[in-house]
Amino acid sequence: MSSSIENLVNREYKFGFITDIDADAIAAGLGEDTVRVISAKKLEPEWLLEWRLKAYRRWTTMREPHWGNVRYEPISYQVQVYYSAPKTRNPLGSLDEVDPKLRETYDKLGIPLKEQQLLAGVAVDAVFDSVSVGTTYREQLAKLGIIFCSLGEAVREHPDLVRKYLGSVVPYSDNFYASLNSAVFSDGSFVYVPPGVRGPMELSTYFRINAENTGQFERTLIIADKGAYVSYLEGCTAPKRSTHQLHAAVVELIAHESATVKYSTVQNWYAGDEEGRGGIFNFVTKRGKCAGANSKISWTQVETGSAITWKYPSVILQGDNSVGEFYSVAVVNHHQQADTGTKMLHLGRNTRSTIVSKGISAGQGNNSYRGRVYVGPKAAGARNYTQCDSMLIGNRCGAHTFPYIEVGNDTAQVEHEASTSKIGEDQIFYLQQRGISKENAVSMIVAGFCKDVFKELPMEFALEAQQLLGITLEGSVG
Amino acid sequence: MTAPVLLREFEDFAANGGGSGPSWLLPLRRAAIDRFAALGFPTPKNEDWHFTSVAPIAEGTFRALPGGPARSVRLGAADVEPFTFARPDWIRLVFVNGRYDAALSSGAARPTGVTVTDLARAWREQPEVLERHVGKVADYQRTAFTALNTAFMHDGALIQLAPDVALETPIHLVFVSTPEAAGSASHVRTLIVAGHHARATVIESYVSLGGATGYFTNAVTEAVLGDGATLAHLKLQTESERAFHVGTLQAHQGRDSHLVSFAYAAGGELARTNVYTLLAGEGSGATLHGLYLLDGEQHVDQQTRIEHASPNTFSREVYKGILDGSSHGVFNGQVFVRPEAQKTDGKQENNNLLLSAQARIDTKPQLEIFADDVKCTHGATVGRLDEMALFYMKSRGIGAERARKLLTYAFAAGVIEAVGVPEVRAELEALTLRRFAGAGAAAGS
C-alpha cells in the first residue's frame, strides 16, 4: 500500500513558482506610520484611517492567541512587509493593460483574466500580493445593480456602503488577527447585491501571495440585500518560499431578510516542504451574519494548503428562521497543522444549522475540528446537526475533535456525532481485487468520504477540489 | 479559602496533625501544597474548567483544619441507616464530616486477602502500600483540587485486594455531612489496590443529614488495577443542594483489567465529578456510565478522561443528564489515544434532556487521536422529550403529564440499567421514579 499512497501524497506543489515582477513595497515593520502609509497609498478617506488606527492601537494591547491545537515558532510582526503591489502604470484602463508577467502568472494558475477565456459564468477578481489587479465581467453585473470590485475601489466609489458594513460582523477589536487585519488590510473583494437580485454567475476571487516576507491581509465584504442571492468562490496559492509567510484575512458576510450568501473556498496556499520548512500561516477570521428573517449563509471550504490553518467560518443566526451551513474538508500531510471548524450562534427563533466536517490526516499532519454550537435563551425551536468524521492515513498523524455545545433553550434540538478511523484496508482490498489500482482505490475512498462536502461546491470548483485532494494526499498511504 | 489563606492553614496543619504519619508523608504534602500555590484555583480560562466557575469555593471560607464543632458530632446507627441499602452486612466504613466513625462502621469480617481500613490506621499499619501508590496515580501536578486534597488529606479508606480474590458483596464507603460541617472542608482520600485478577465492587456515597449546608467536600480516590483485575466503582453523590463538592476518581489500569464506573450526581449547589483513567496495560478497558439529575440553581459538572496508552484497549461511555429549573449542567468527555495505542476501540455518548426553559447544558465530547488504526466515535445530543412519543402515549389514553414523566424516567432508566449492584439499581430506579413519575405513576407501573 505504501508506495502508491506515498506517490499520491508527495506530488509537488505546482503553484510554487515565483513571479519576478517589480513591486512597490513599503519597508518591513509595523507601527502607526505603516498604517498611515498604507492608507495614504490607497488614497483612503479620513474615517477609514481613523478606523485602521483604532484597530492598530487595540492590536498593540492584545496578545497572540495560543489556545489552538497548533505548534509553530513565534512570528515576528516586525519583519513582515505589510504592503506590496505589482508596479503598473496606474490606473489601469482595462484588463489588457495588466502587466504581461502578471497575466502569465494567472494563466499558469489557470485563472484566465481575459474575459473570453473565462469559464462560462465566473466573474473573477484577482488579488496579487496586496492589491486587486483586475475584476472581470463588471459591466454585465453592473446592469443588474450588482457591485463587484476590489474593496479599495469600493471605498472610493461606494463609501456609504463600506462605512455602513465594514466591521459590522467582525469588529476591529474582535481578535488578535482580525485587529491586525483591520489595521493593515490591503485589498480584497467587495460585493453588494441589491434587493431581489439573483447573481447570474459565480463571483470569484483569486488570491496570490508573491513577494517574499510579505503578509497578505485581504478583507472581503459581501452584502446580500433583501431577497438577494449570491454565490462567491475564493481560491488561493503562493510560491514556494523557505520562510513562513503570514496570511491574516477577514471575511464578512451579511444576509438581509430572505437573502442567501454562499461562500466557497478552495484554500491551497503553499504548505511548506516535507520537512515542514516554509509554508503559509493562515490565520483567518470569517464570519457571516444572517441579519434578516429567512436568510441563509452557507460556507463550504476545502482546506488543503498552508503550514498552519486557524480558521472558523461562523454564522450569527440572528434573523428568525435563518439557516447556517458549514461544509468542510480539511487535509493535512507532512508537517501541516489545521485547527479549523465553525461557530453557529443561534439567537433567533427556529434557526437551523448544519455542520459537516471531514478531516483527513496523513504524514505527520495534525488535524483538529473545533466547533461551537450555541443556542441562546431566546432561540426557541433551534435545530443543529453536526457530523464530523476523521480519516487517518499513516501512524504518525493525529486527528482531534473539540466540539463545544452550549444550549440554553429547552426547545432546541442539537445532535453531534463524530467518528475517527483508519482508511479502510478492506475497502482498498475490495477495489484492488476488482482491478482498480491502489492509488485509484485510495482516491475513490477519499472522494467518497468527502462526497457530502464536494456536492456543495459549484461544479468547476468541485473538480478542482477533488484533484487538489489527490495532490495533497499523493503518496500518503503507507 | 483564598490561596494565601490556604497556605497559612497548611502551615498550621503541618504543625499539628499533618506532621504525623510516615516520614515520606509530610514532604509529599509540601510538594502538593507548593504545586497548588503555583496552580491556584482553576479559572474558566483553564480548558478543563471552561464552563464552571469555582469562585464560590475559592472565595468561601472553608477551614481545612481538624477539630472544631464538626468533629464532636455523634450520630447513631439509625441516622445512617437510610444510606445503607438495607444491607447492614456489607463491609462499610462511615465518615462523618470527613472523619472516620468506627462505631457507625460495620465490623463485618474481611474475607482472606481483603483489607478495608480507615486511613489513619493504615498510615500506621500499612505504610508501604500507601507509599507505593498515594500521590502516584492521582495527578496533583496538573489538578489543583487533587493537589489540595494531597496536601490536607486526613481521613479516608484503604482497600486492598490480594491477587485472585473475588469479593462478592460490595465495599461501601459512606461520607456523611451534618449541619456542624458548615464552613469546613473535608479532604477525604481513598486508595484502592486490586491485585492481579482480583474482583470487587466499591460504592462511595456522599450524603448529608439534617439540612447540612455550606460545606465543601474535596474527595480523591486513587485506584490501581493489577493485570486482569476488575473494579466496579459506584459514586453516588447526593450532597445537600447548598453544598460544594469536587470528587475525583483516578485509575491506573494493568493488562486486561477492566474498570466499570458509574457516577450518579444529583446533589450540590456546585458539584464536579472527575473520572480519569489510564489504560496502561494492553487489552485493558473502561466502561463509564453517568447520570446527572439537576434542578433549581444547581451547577453540576462531569468530566471524564480516558487515556488509551496501549494497544487493543477499549472504552465505552454513556452519560445522561436531565436538567430542570434553572440548573446548569456540564459534560466534558475526553478520549485520548496515544500513538502506541493501536487497535483502540472507543465509543462515547452524552445525551441531555432539558425540562425547563431556564435550564442550560454545555457539553464537550472530545477526541484526541494520535494512532491510525483505531475506531473511535462520539455523539452528543440535547433536546426535550420526543413530541411523537408523547403524542403516541396520549393517543393510547395516557395523560400528557404522566406521559412526560414516564418518558423522562425511561430516558434515565437506560443508564440505571448499567448498575451492577441490584440494591443500588433498585434504589436509583425508585428515586428517579419518585422524582419524575410521581407516586401515582409509580403505583401504576
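**Entry 1. A loop in chain A**

I started at the loop between α2 (32-41) and α3 (46-60) of chain A, where A:Leu43 lies. The model is a predicted one, and I keep that in mind throughout. Most residues other than glycine have a negative phi. I then asked myself: is A:Leu43 buried or exposed? I found 9 other C-beta atoms within 10 Å of A:Leu43, so I put it down as exposed.

**Entry 2. A positive phi in chain B**

I looked up B:Asn312 next. Its phi is also positive, about 60°, and this residue is not a glycine either. I located B:Asn312 in the loop between β15 (299-308) and β16 (314-323) of chain B. B:Asn312 has 18 C-beta neighbours inside 10 Å, so I noted it as partly exposed.

**Entry 3. A buried loop residue**

I counted 30 other C-beta atoms within 10 Å of A:Thr351; the cut-off for buried is 20 or more, so A:Thr351 is buried. What does A:Thr351 touch, leaving aside its neighbours within four places in sequence? I listed A:Leu317, A:Asn321, A:Ser322, A:His346, A:Ala379 and A:Ala382. I also checked A:Ser295, which is 56 residues from A:Thr351 along the chain. The C-alpha atoms of A:Thr351 and A:Ser295 are separated by 9.7 Å.

**Entry 4. Helix α1 of chain B**

I checked the length of α1 (residues 3-15) of chain B. Its 13 residues, at 1.5 Å a residue, should span 18 Å. The end C-alpha atoms are 19 Å apart, so the span agrees with the expectation.

Which residues of α1(B) are buried? I noted B:Leu6, B:Glu9, B:Phe10 and B:Phe13. They cover an arc of only 110° around the axis, so they sit on the same side of α1(B). An α-helix has 3.6 residues a turn, so residues three or four places apart point the same way. On the other side of α1(B) I found B:Pro4, B:Arg8, B:Glu11 and B:Ala15 exposed.

**Entry 5. Two domains in chain B**

I turned to the domain assignment of chain B, which gives domain 1 (3-281) and domain 2 (385-445). Taken over C-alpha atoms, the centres of domain 1 and domain 2 of chain B are separated by 33 Å. The contact takes 10 residues from domain 1 of chain B and 8 residues from domain 2 of chain B.

Which elements each supply at least two residues of the domain 1 side? I wrote down β8 (199-208), β10 (230-238) and β12 (258-265) of chain B. β12(B) gives the most to this side, with 3 residues. By class, I recorded 8 nonpolar, 1 polar and 1 charged residues on the side of domain 1 of chain B that touches domain 2 of chain B.

I followed how these strands pair. β8(B) and β10(B) run parallel, over 9 bridges, and B:Arg199 stands opposite B:Thr230 in β10(B). β10(B) also pairs with β12(B) in the parallel sense, over 8 bridges. There I found B:Gln237 opposite B:Ala265 in β12(B).

**Entry 6. A helix residue in chain B**

I picked B:Ala389, which I placed in helix α8 (residues 387-395) of chain B. B:Ala389 has 14 C-beta neighbours inside 10 Å, so I noted it as partly exposed. How far apart are B:Ala389 and B:Tyr206, C-alpha to C-alpha? I read 36 Å in space, with 183 residues apart in sequence.

**Entry 7. Where the chains meet**

How many residues of chain A are in contact with chain B? I have 30 residues of chain A in contact with 31 residues of chain B. On the chain A side, β22 (383-393), β23 (398-407) and β24 (413-422) of chain A are the elements that give two or more residues. By class, the side of chain A that touches chain B has 12 nonpolar, 13 polar and 5 charged residues.

One strand pairing crosses from chain to chain. β24(A) pairs with β20 (residues 375-383) of chain B in the antiparallel sense, over 8 bridges. Within this part I noted A:Ser419 opposite B:Thr377 in β20(B).

Methods:
Residues numbered from 1 in each chain as written. Chains lettered and ligands numbered in written order. Predicted model: local features only at pLDDT ≥ 70, side-chain atom pairs only at ≥ 80, totals over all residues. Contact = placed C-beta atoms within 7 Å. Helix = DSSP H or I, 4+ residues; strand = E, 2+ residues; numbered from the N terminus. Nonpolar A, V, L, I, M, F, W, Y, C, P; charged D, E, K, R; others polar. Pairing = 2+ DSSP bridges. Buried ≥ 20, exposed ≤ 12 C-beta atoms within 10 Å, placed from the backbone. Expected span 1.5 Å × (residues − 1). Arc of directions from axis to C-beta. Domains from an automatic or database assignment.
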